Amino acid sequence: MTTVDLPLLPLGRGTDPLSERGVECPGDLPAASDPDLVARARAAKEALGDKVFVLGHHYQRDEVIQFADVTGDSFKLARDAAARPDAEYIVFCGVHFMAESADILTSPHQQVILPDLAAGCSMADMARIAQVEKAWEALAQAGVQDQVVPVTYMNSTAAIKAFCGRNGGVVCTSSNAEVALDWAFAQKGGVEAGTKVLFLPDQHLGRNTAVLKLGLGLDDCVVWNPHKPNGGLTAEELRDAKMILWKGHCSVHGRFSADVIDDLRAKVPDLNVLVHPECQHEVVLKSDFVGSTEYIIKTIEAAPAGSSWAIGTELNLVQRLAKAHPDKNIMFLDRNVCYCSTMNRIDLPHFVWAMESLVEGVVVNRIEVDPQTEQEALVALQRMLELPGKSHRD
Ligand code: SF4
């Protein structure tokens with residue numbers, strides 16, 4: 001079978017570890033209707049004891065998050081796993097790039113498992129390494145590559161993090177994007193010398209940070225479309241730009257719209273609008289508070305009883321916050337249901353299957369980053385850890 005740089009296999013049977021991630025699980029998956037799933041998950045976890053450490057991303061379903069030893073955002077979870085070297089198995093209830101980051105940051109003897117290999121991330125998949133290498137080459141052709149510092153959001157594949165590592169760039173989270181951009185613009189002679197940033201893969205986080213935190217103009221930003229020759233940009237546009245934003249977005253946060261904010265404000269008095277910086281620029285402009293998932297959680301925890309909040313982030317998290325804070329009026333900032341469909345692939349049947357396989361001594365769905373990629377990705381992650389100030393949460 002030829003390897004194509006496609007994020008998804010056409011639906012069907014079979015797996016292709018070099019492309020995505022498979023559409024079926026080897027062995028028998030318990031039926032979703034199995035009434036014993038909770039008991040089976042509990043028994044498997046008990047049997048594995050300290051050998052297993054279960055990580056649960058904030059956007060996971062309740063049915064799975066109840067088994068997490070720790071919850072958090074992707075970078076915190078990867079670091080938590082690294083701090084538990086006794087745990088031989090790290091079961092990551094999250095998506096593929098997160099499991100890769102955990103593999104990069106944990107010791108070689110720790111095996112990272114993603115219960116469903118089809119749990120990818122549409123945003124991470126919007127920047128494939130072959131596309132990024134091609135763009136890098138085009139920047140050289142346009143005579144600007146020497147001035148460009150690549151910065152990638154944590155929500156990217158290990159290959160993209162490695163690309164940043166070997167090309168003088170850095171990884172950032174949604175909490176430290178401002179500091180990371182400040183650092184990047186100070187490289188290669190600084191802004192006066194024409195330093196530019198290639199920001200991957202989320203154009204919205206890049207634009208919101210550059211314009212609202214660094215004070216750049218919207219016209220300092222151009223969007224690189226990997227599906228167009230030369231990104232759809234002229235050499236002159238590239239020369240004039242300060243931020244080259246990769247045309248990627250989160251399919252969950254990209255859905256929130258400014259008109260829903262207007263509607264809700266007309267209906268709910270004293271409404272506070274709280275969104276994630278992966279939202280579109282016009283949504284962020286109309287919001288009262290903007291920040292990472294950790295920021296969103298802390299803001300709601302600190303909010304006074306009786307206050308009203310419309311939250312623009314993944315629905316599982318919003319629902320959990322609403323349940324945990326019945327004294328606050330918490331609503332979802334969309335008219336439609338908007339779960340992260342790939343996060344939701346990690347359901348109880350897949351979790352039970354992965355855990356019971358481990359009990360039997362069989363490691364399924366191991367996520368392993370090759371040593372060269374790991375080493376280069378670590379360079380970019382290390383640069384992030386050395387950034388001044390801010391926490392490194394996303
Ligand atoms: S919420 Fe968005 S960024 Fe996060 S995993 Fe889902 S698609 Fe990717």
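The model is predicted. Its chain is divided into domain 1 (37-120 + 342-363), domain 2 (124-251 + 376-385) and domain 3 (253-332). A shell of 13 residues surrounds the ligand, and both domain 1 and domain 2 supply at least three residues to that shell. Binding-site annotations from an unreviewed UniProt entry include C121, C250 and C340.

**Domains**

- Domain 2 and domain 3 have C-alpha centres 28 Å apart.
- Their contact takes 13 residues from domain 2 and 10 residues from domain 3.
- On the side of domain 2 that touches domain 3, the residues divide into 3 nonpolar, 8 polar and 2 charged.

**Ligand shell**

- Among the 13 residues that surround the ligand, the closest are C121, M123, C250, V252 and C340.
- Sorted by class, the shell holds 8 nonpolar, 4 polar and 1 charged residues.
- At least three residues of the shell come from domain 1 (37-120 + 342-363), and at least three come from domain 2 (124-251 + 376-385).

**The three annotated cysteines**

- The UniProt annotation "binding site" (unreviewed entry) covers C121, C250 and C340.
- C250 is in the loop between β9 (243-246) and α11 (258-267).
- C250 counts as buried because it has 24 C-beta neighbours inside 10 Å, where 20 or more are required.
- Setting aside residues up to four places away in sequence, C250 touches M123, D202 and E278.
- C340 sits in the loop between β13 and α15 (348-359).
- C340 also counts as buried, with 24 C-beta neighbours inside 10 Å.
- Apart from neighbours within four places in sequence, C340 is in contact with Y59, V252 and E314.

**Other annotated binding positions**

- The unreviewed UniProt entry also places the feature "binding site" at H57, S74, Y153, M154, N155, S174, H276, P277, E278 and T293.
- H57 belongs to strand β1 (residues 52-57).
- H57 is buried, since 26 C-beta neighbours lie inside 10 Å.
- Leaving out residues up to four places away in sequence, H57 touches S74, L77, C93, G94, M98 and M343; of these, S74 is another position that carries the UniProt feature.
- P277 lies in the loop between β10 (271-275) and α12 (281-286).
- P277 is buried, having 27 other C-beta atoms within 10 Å.
- With residues up to four places away in sequence not counted, P277 touches S174, L205, N208, T209, V284, V290 and G291; of these, S174 is also listed under the UniProt feature.

**Helix α13**

- In α13 (residues 293-302), the buried residues include T293, I296, I297 and I300.
- These residues are on the same side of α13 because they cover an arc of only 95 degrees around the axis.
- An α-helix has 3.6 residues a turn, so residues three or four places apart point the same way.
- K298 and A302 are exposed on the other side of α13.
- The cover over the buried residues of α13 includes β10, β12 (308-312), α14 (315-324) and β13 (329-332).
- T293, one of the buried residues of α13, is also among the positions under the UniProt feature "binding site".

**Backbone details**

- Most residues other than glycine have a negative phi, and most peptide bonds are trans.
- L200 and P201 are joined by a cis peptide bond, with omega about -25 degrees.
- P201 is in the loop between β7 (196-200) and α9 (203-213).
- K188 is not a glycine but has a positive phi of about 50 degrees.
- K188 lies in the loop between α8 (177-185) and β7.
- K188 is partly exposed, with 16 other C-beta atoms within 10 Å.
- N365, which is not a glycine, has a positive phi of about 50 degrees.
- N365 is in the loop between α15 and α16 (371-385).
- N365 counts as buried, with 23 C-beta neighbours inside 10 Å.

Note on methods: Residues are numbered from 1 along each chain as its sequence is written. This is a predicted model: local features need pLDDT of at least 70, side-chain atom pairs count only at pLDDT 80 or more; totals for chains, interfaces and linings use all residues. UniProt positions are given in the numbering used here, feature names are shortened, and annotations may be inferred rather than shown by experiment. Helices (H or I, at least four residues) and strands (E, at least two) are DSSP runs, numbered from the N terminus. A residue is buried if 20 or more other C-beta atoms lie within 10 Å of its own, exposed if 12 or fewer, and partly exposed in between; C-beta atoms are placed from the backbone. Two residues are in contact if their C-beta atoms, placed from the backbone, lie within 7 Å. A residue is near a molecule or strand if its C-beta atom, placed from the backbone, lies within 6 Å of it. Ala, Val, Leu, Ile, Met, Phe, Trp, Tyr, Cys and Pro count as nonpolar, Asp, Glu, Lys and Arg as charged, and the others, Gly among them, as polar. Domain bounds come from an automatic or database domain assignment. The arc is that of the directions from the helix axis to the C-beta atoms.
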